[in-house]
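Me: Could you take a close look at one part of this model with me? I would like to go through the aromatic rings.

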Amino acid sequence: MKKIKIGLVGASGRMGQEIAGVIEKSSSCELFYPLNRKDKLDAKKAAKVDVWIDFSSPEAFEGVLQMAVKNKTPVVCGTTGFTAKEKALLPKFGKQIPLLWSSNMSLGVAVLNEALKNFAAISHFDYQIEEIHHNRKKDKPSGTAITLQENLEKAVGRKLPEPLAIRGGGVFGVHKIFAMSDEEVITFEHSALNRTVFAKGAVQAAEWLVKQKPGQYQIRDVLFGSKK
């Protein structure tokens with residue numbers, strides 16, 4: 001079986017190393033082109049990449065997309081902390097290539113986001129999201145918490161209090177959603193036990209994305225199918 005050639009932007013970073021480890025154990029794909037910020041781009045090698053995975057930085061995102069568009073190569077991106085201008089690149093480039101961006105590549109978080117739709121039945125409850133991450137995480141609240149907030153507000157049909165963001169120690173990521181009435185409390189909680197969970201999700205997304213048409217996708221599409 002021909003292996004999927006993966007290009008990895010940000011290969012020397014913490015997430016890049018995790019993704020490289022997952023690819024190394026895969027029977028269906030190979031790490032064909034690890035690329036870091038200071039590396040000079042090898043255009044001939046880039047043209048042979050089947051799909052890019054990008055976990056670099058918001059500032060590098062547009063450059064990654066421009067490189068991918070030249071060869072019509074799909075891109076999976078898990079970078080967070082985007083400005084509104086950087087986020088606007090998603091629909092623009094999604095018209096030209098298959099482009100999957102998610103604030104969290106965990107398949108469990110994808111299921112959690114889907115589960116939030118059920119809160120529409122008790123939209124009158126009070127709600128609060130709480131998230132905990134390691135003390136080196138720059139964005140606050142996290143991209144995951146913002147996505148959960150957006151989906152929760154969509155479900156209940158109103159604005160809700162901003163997520164509570166806690167930073168400390170080496171916590172990989174804990175996200176809680178509280179639904180509260182005078183008589184009962186429902187708590188949804190997701191805990192990431194290591195970075196591998198995000199790496200596995202990104203690689204699975206890449207394997208799925210190479211078969212898709214140009215468009216803007218999310219990690220939920222890998223599990224539940226595209227809405228397109």
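Are Y33 and W52 buried or exposed?

Reply: Happy to! Both Y33 and W52 are buried, where buried means under 20% relative accessible area, exposed over 50% and partly exposed in between, with a 1.4 Å probe and protein chains only. Please keep in mind that this is a predicted model, where local features need pLDDT of at least 70, side-chain atom pairs count only at pLDDT 80 or more, and totals for chains, interfaces and linings use all residues. Residues are numbered from 1 along each chain as its sequence is written, and side-chain values use heavy atoms, leaving out hydrogens and water.

Now to the rings. Rings of Phe, Tyr and Trp (its six-membered ring) pair if their centres lie within 6.5 Å; planes under 30 degrees apart count as stacked, over 60 as edge-to-face and the rest as tilted. The count by this rule is 6 aromatic pairs. Y33 and W52 form a tilted one, at 5.7 Å centre to centre with 50° between the planes. This pair links distant parts of the chain, with Y33 in strand β2 (residues 29-35) and W52 in strand β3 (residues 51-54), 19 residues apart; strands are DSSP runs (E, at least two residues), numbered from the N terminus.

W208 and Y217 have ring centres 5.3 Å apart and planes at 85°, so they pair edge-to-face. Both W208 and Y217 are buried. There is also an aromatic cluster, formed by F61, F82 and W101.

Conventions: Helix = DSSP H or I, 4+ residues; strand = E, 2+ residues; numbered from the N terminus.
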